There are 2 protein chains.
Amino acid sequence: MRNADLEEIRDLPLFRDMDGDHFGNLMRGAYHQNFPPQVTLIEEGRPADFLHIVTEGAVELYAGWNGRETTMAVVRPVATFILAACINDAPYLMSARTMMPSRIAMIAGSDLRATFARDAAFAQAIVRELAGCYRSVVRHAKDLKLRASRERLAAYLLRHARGSGAFDLPVEKRTLASYLGMTPENLSRALKSLGPDGVSVDGMRVTITDAAALVAVACPTPLIDGGDGCGDLSYTGSSSNC
Amino acid sequence: MRNADLEEIRDLPLFRDMDGDHFGNLMRGAYHQNFPPQVTLIEEGRPADFLHIVTEGAVELYAGWNGRETTMAVVRPVATFILAACINDAPYLMSARTMMPSRIAMIAGSDLRATFARDAAFAQAIVRELAGCYRSVVRHAKDLKLRASRERLAAYLLRHARGSGAFDLPVEKRTLASYLGMTPENLSRALKSLGPDGVSVDGMRVTITDAAALVAVACPTPLIDGGDGCGDLSYTGSSSNC
DNA sequence: TCAGAAATTTGACTTGGATCAAGCCCCGTT
DNA sequence: AACGGGGCTTGATCCAAGTCAAATTTCTGA
């Protein structure tokens with residue numbers, strides 16, 4: 001594994017505070033590979049053999065049932081995913097596929113479990129990580145249960161407008177639709193319907209023309225939209241999606 | 001605090017393996033109180049001062065937004081709740097109220113954080129607990145996103161039929177409806193509509209008259225319905241709802 | 001640069017589920 | 001036994017969102 005990659009991984013909150021030797025051991029037993037787009041990395045139901053870390057590209061976490069499929073999250077560098085399944089040595093609850101050419105590091109789940117039993121600092125980091133992930137899914141569930149799809153979309157746009165009033169959607173619209181729990185057709189119409197509420201769309205480019213009006217639709221609250229960290233569709237940086 | 005209660009709490013997977021002195025210290029700083037029904041124990045948004053443990057009765061975890069409200073889980077003895085908020089020293093994401101006369105133990109969040117930083121076995125137990133809770137909410141989200149309400153209801157009934165074909169609903173129907181993300185009216189109609197699919201209802205009593213037919217509707221799968229532990233509406237025993 | 005494929009949008013239509021409004025039933029109280 | 005209240009059911013209606021189909025734009029690869 002390249003030194004630059006090792007440093008990036010070491011910098012993650014998950015690994016930052018752990019013992020250096022332990023980190024070294026963990027990484028010695030790790031793989032690091034390039035994958036083309038649209039490759040399935042993980043299939044739900046399979047035993048959780050590896051903790052995955054995206055170092056380049058982007059990975060979609062999704063779940064299926066009875067012929068239907070839904071996007072649960074998108075993971076961007078540098079971040080880990082499916083930590084929880086590895087810790088519990090339980091089957092993955094979500095599948096994962098690359099969305100573009102990606103570079104993925106894989107750490108054996110057994111090594112992970114052995115290490116966190118020995119390294120208190122690592123165990124603490126895992127605790128914080130998992131607690132953050134848990135809260136992130138709770139927010140997602142609240143979003144789904146408490147808001148209508150138009151409101152979810154409005155809130156999503158506000159979460160991503162951060163300061164500047166214009167930004168590019170981080171994923172294809174059909175993926176966004178799936179993440180928000182609606183059909184692409186409905187997303188398209190909902191976007192248009194938000195025109196009078198201060199949203200203008202051109203391709204992937206979204207401009208908030210009237211933040212106050214949009215806020216009135218979305219009623220954003222940190223208890224749903226807030227981030228202590230990981231989770232949302234475009235999250236980039238040092239956190240994980242379990 | 002009564003010795004019997006202490007032992008019950010000590011028996012939880014969360015506290016079982018930790019150092020005896022640490023457990024003692026934790027409990028010395030803890031409260032244990034009786035509450036009448038319909039008392040609000042926690043309001044979402046408040047700082048997470050205490051880890052709560054139900055030793056008797058039942059507690060509803062719910063969340064609100066913009067005048068709407070939804071039930072997220074019901075916690076029964078002996079189990080903890082809102083662990084994640086305490087660990088992260090972050091605001092509660094859910095409110096909690098007693099559903100009947102209940103007895104609740106409360107452990108100061110600061111004690112909790114101090115102890116898990118010092119006690120590796122405790123940290124490990126927390127890791128497992130949180131991983132289980134995380135997976136439980138992921139299942140809930142998958143249930144909401146992938147199944148229609150009739151299918152969710154069918155799956156719920158199968159989860160609770162465990163062996164015998166008849167059981168009593170563990171909560172009022174309106175609470176069940178809210179948990180399943182539908183209105184009481186819709187639940188009532190959905191229950192009736194499952195008649196031809198092997199469900200007969202009399203008040204709180206549900207009888208599965210044709211499990212195969214119901215399975216055909218629900219398509220149950222461990223990746224949504226499975227339990228590695230906590231979460232569901234009627235879960236009783238040694239686990240938690242973070 | 002162009003052909004073909006994929007993604008998005010639009011339109012017409014259907015439907016699952018919400019809403020509103022009675023009415024019913026169970027149950028504990030007086 | 002009558003009363004009252006809450007929860008549950010039923011019926012009528014409405015609306016958000018899904019489905020199906022076709023047109024259009026965007027992207028991609030030869």
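This is a predicted model: local features need pLDDT of at least 70, side-chain atom pairs count only at pLDDT 80 or more; totals for chains, interfaces and linings use all residues.
Residues are numbered from 1 along each chain as its sequence is written, chains are lettered from A and ligands numbered from 1 in the order in which they are written, and side-chain values use heavy atoms, with hydrogens and water left out.

## DNA strand C

A residue is near a strand if one of its heavy atoms lies within 4 Å of it. There are 16 residues around DNA strand C. Those that come nearest are Lys173(A), Arg174(A), Arg189(A), Lys192(A) and Arg189(B). Sugar and phosphate make up 71% of the atoms of DNA strand C that come within 4 Å of the protein.

Helices (H or I, at least four residues) and strands (E, at least two) are DSSP runs, numbered from the N terminus. Three helices each supply at least two residues of the surface near DNA strand C: helix 8 (173-179) and helix 9 (184-193) of chain A, and helix 9 (184-193) of chain B. Helix 9 of chain A gives the largest share, four residues.

By class, this surface has three nonpolar, five polar and eight charged residues. Here Ala, Val, Leu, Ile, Met, Phe, Trp, Tyr, Cys and Pro count as nonpolar, Asp, Glu, Lys and Arg as charged, and the others, Gly among them, as polar.

## DNA strand D

DNA strand D also has 16 residues around it. Ser149(A), Lys173(B), Arg174(B), Arg189(B) and Lys192(B) come nearest. Sugar and phosphate account for 68% of the atoms of DNA strand D within 4 Å of the protein.

| Protein atom | DNA atom | Distance |
|---|---|---|
| Lys192(A), polar side-chain atom | phosphate oxygen, DNA strand C | 2.5 Å |
| Thr183(B), polar side-chain atom | phosphate oxygen, DNA strand C | 3.1 Å |
| Arg189(B), polar side-chain atom | base oxygen, DNA strand C | 3.0 Å |
| Ser149(A), backbone N or O atom | phosphate oxygen, DNA strand D | 3.0 Å |
| Thr183(A), side-chain N or O atom | phosphate oxygen, DNA strand D | 3.3 Å |
| Arg174(B), polar side-chain atom | phosphate oxygen, DNA strand D | 3.0 Å |

Helix 9 of chain A, with helix 8 (173-179) and helix 9 of chain B, each give two or more residues to the surface near DNA strand D. Helix 9 of chain B provides the largest share, four residues. This surface divides into three nonpolar, five polar and eight charged residues.

## An open sheet in chain A

Four strands of chain A form an open sheet in the order 2-7-4-5, with antiparallel pairing. Two strands pair if DSSP finds at least two bridges between them. Strand 2 (40-42) and strand 5 (68-75) are the edges, each pairing on one side only. Neighbouring strands are turned by 35° against each other on average, direction ignored. Axes are lines fitted to C-alpha atoms, for helices over the stretch in contact, and angles run from 0 to 180 degrees between N-to-C directions.

Strand 4 (residues 59-65) and strand 5 of chain A pair over seven bridges. Trp65(A) stands opposite Arg68(A) of strand 5. Chain B reaches this region: its helix 6 (residues 120-146) lies across strand 4 and strand 5 of chain A. The helix runs at about 135° to strand 5 of chain A.

## Strand 8 of chain A

Seven of the seven residues of strand 8 (residues 102-108) of chain A are buried, so the strand is largely enclosed by the rest of the structure. Buried means under 20% relative accessible area, exposed over 50%, partly exposed in between (1.4 Å probe, protein chains only). Ser102(A), Ile104(A), Met106(A) and Ala108(A) point one way. Arg103(A), Ala105(A) and Ile107(A) point the other way.

Strand 8 of chain A runs antiparallel to strand 1 (residues 31-35) of chain A, joined by five bridges. His32(A) stands opposite Ala105(A) there. Six bridges join strand 8 to strand 3 (residues 50-56) of chain A, also antiparallel. In that pairing Phe50(A) stands opposite Ala108(A).

## Leu112 of chain B

Leu112(B) sits in helix 5 (residues 109-118) of chain B. Its relative accessible area is 0%, so Leu112(B) is buried. Leaving out residues up to four places away in sequence, Leu112(B) touches Leu26(B), Leu51(B), Leu83(B), Cys86(B), Ile87(B) and Phe122(B). Contact means heavy atoms within 4.5 Å. Ile87(B) is 25 residues from Leu112(B) along the chain, with 7.5 Å between their C-alpha atoms.

Technical notes:
A polar contact is a pair of N or O atoms within 3.5 Å; within protein, one must be able to donate a hydrogen and the other to accept it, and residues adjacent in sequence count only if both atoms are side-chain atoms.
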